[in-house]
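The following exercises concern a single protein chain and are to be worked through with the sequence and the structure at hand. Each task is followed by a stepwise solution.

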Amino acid sequence: MKKHILIFALLFSASLSFGQDSSEDLFTENLINEFNLSDSEDVIDANGFDYTTMDAGTNTKYSEFGSGFFMNKFIMVSSKKLGGLAKVDKNTNEGFKNLFCLDMKEDGSLKLPLLFSRIINTKGNEGQISFSPDEKTMYFTRASLDNSLVYKLYKVTLEEDSHGNWINQELLDVNGEGYSIENPYVNKTGDKLYFSSNMPGGMGGYDLYVSNIKTDGSIESPINLGNKINTENDDKYPTLSLDGEHLYFSSKGHRNLGGFDIFKSKVTKNGYRSPRNLGNTINTEYDEVAYFMASKNKGYLSSNKSVGKGSYDIYRFSFNEVSQSIQGKVLDFETQIPLPNTLVILLDEEGEEIGRQITDENATYTFDVDPFEKYTIKTNKDGFEDATIAFSSDKGNDDNIYQKNLELDATEAVIVEVEDKLMITVENIYFDYAKWSIKQESLISLNKILAVLDENPEMKIEINAHTDNRGDDNYNLDLSTKRAASAKKYLIEKGIDTSRLISNGYGETKPLVDCKSKCTETEYQSNRRIEFIILD
């Protein structure tokens, strides 16, 4: 395991450098080959993510942590000492933490920090802060001078028409003796507050909690996020994606590279999915914490990895979306004949529909999928049993294409009575446009007729073909006659005696729906049909 940690550190360091030459690329490749990293079950690779990280440009020899955004500025917590008489926290051997705000350059790097608020900053340790969507309510944590490691959660409001005058400071009821509350984060809709705490009753260490925010800004009793998210080790620093669909957090538990790793979990109506490590393009054997999204694929995090300037440094990151898809054909199980015009539906793990499509003439389908997700594929086609197929995108490779053919079981033909006539009912028989050659998929339907005739050797049938009312009357009559004859010919070729079969073409003279010139496409399709009538 130690050799793996060494390689991860080297690979991560290499990812931070600019203009890496080919000899460095070769060195990295040789390291991977030598230690067989891709084959080891203990190794967490890119895991379906492709991150690039760079120094944010504001780091010092002291600790710097990100804390989200306010008024289009980045908020930072830093332990750098202010003034010659600044005190040192005996628990960290650094200065007491203060809050700063920084402008962001176009490339994401940060400008010189300015003190965030002389009202909020005190002589003790300030923790992270988070704001309501209108940025008029702030939730923040602060430690006392007596115990710089235990933080309490506060709420404060911004005075109207003021320039940063925070008033009505309130210690929230969720606080208690003997435990700390840290890393507050308000969701984008402003109705939930996430935080970490080592309060009694958790899974162990620090756990993640969420509280509903009341209309007056106070919060309800916290709810533990449960054992899919929390572990017996520390789980901290909750944030959400910009669309609120994913929870990001740092954990010393789960499957990680060492220290705190950043994880991602899908937020669903039923809770949270099992989290996924963001992989070794962003996580290292050191601690990665305080992950904040600034846009769809850019943001900031903090890490104490050895290449930094101080204990914790802030890094800007960007990542590429890993593109994956699942594709294949829909086939008849017995004959392997392709099945066009099949409805295929893709559902996520919660059963929510992601997409649907009708297979084309080649019976193919394709859907975009995300790495390491569980899906369900459902199919529906007239004449076949509905199918439900489970699928997992179990690879992290970029541009990976999963091949999966879907095989459907055909239903059996049914004998029914319609207007005092017995009929063998199957799904419609398809022909190419203006032609009488039977499409391959319809051979499956004719095989069902064949099975009924084989089971009833005395049975005789009449094969009647019909068209819709578009086109010339005589042409339609001739076309339907040829189509009925094609069906008859197929059955004879399969061993049915010609004396048991009669074929007729009726053109447009016997529509099921007499819609004349105002037919819908569905009505046209109903009128284009072949009927199999059982003769006495």
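A salt bridge is a side-chain nitrogen of Lys or Arg within 4 Å of a carboxyl oxygen of Asp or Glu. The model is predicted, so local features need pLDDT of at least 70, side-chain atom pairs count only at pLDDT 80 or more, and totals for chains, interfaces and linings use all residues. Residues are numbered from 1 along each chain as its sequence is written, and side-chain values use heavy atoms, with hydrogens and water left out.

**Exercise 1. A buried lysine**

Task: Determine where Lys 80 is placed in the chain, and which side chain of opposite charge is nearest to it.

Solution. 
1. Lys 80 is in the loop between strand S3 (73–78) and strand S4 (88–89). Helices (H or I, at least four residues) and strands (E, at least two) are DSSP runs, numbered from the N terminus.
2. Lys 80 is buried, a term that means under 20% relative accessible area, with exposed over 50% and partly exposed in between (1.4 Å probe, protein chains only).
3. For charge, Lys and Arg count as positive and Asp and Glu as negative, while His and the chain ends are not counted. The nearest side chain of opposite charge to Lys 80 is Glu 64, 6.1 Å away, and Lys 80 has no salt bridge.
4. Apart from neighbours within four places in sequence, Lys 80 is in contact (heavy atoms within 4.5 Å) with Thr 60, Tyr 62, Phe 100 and Pro 113.

**Exercise 2. Paired charges**

Task: Examine the salt bridges of the structure, and state which parts of the chain are tied together by Arg 142 and Glu 126.

Solution. 
1. The structure holds 23 salt bridges.
2. In one of them, the side chains of Arg 142 and Glu 126 meet at 3.1 Å, N to O. Arg 142 lies in strand S9 (residues 137–143) and Glu 126 in strand S8 (residues 126–131), so the pair joins parts that are 16 residues apart in sequence.
3. Arg 142 counts as buried at 11% relative accessibility, and Glu 126 counts as buried at 0%.
4. Lys 381 forms a salt bridge with Glu 441, with the closest N and O atoms 3.1 Å apart. This pair links distant parts of the chain, 60 residues apart: Lys 381 is in the loop between strand S28 (374–380) and strand S29 (387–392), and Glu 441 is in the loop between strand S33 (421–425) and helix H3 (442–455). Both Lys 381 and Glu 441 are buried.
5. Asp 468 and Arg 470 also meet in a salt bridge (3.2 Å, N to O). Asp 468 is buried, with a relative accessible area of 8%, whereas Arg 470 is partly exposed, at 39%.
6. A network of salt bridges links Arg 273, Asp 348, Glu 349, Glu 350 and Glu 373.

**Exercise 3. A phenylalanine in a loop**

Solution. 
1. Phe 116 is found in the loop between strand S7 (114–115) and S8.

**Exercise 4. The whole chain**

Task: State how many helices and strands the protein chain has.

Solution. 
1. The protein chain has five helices and 36 strands.
2. Buried residues make up 49% of its 536 residues.
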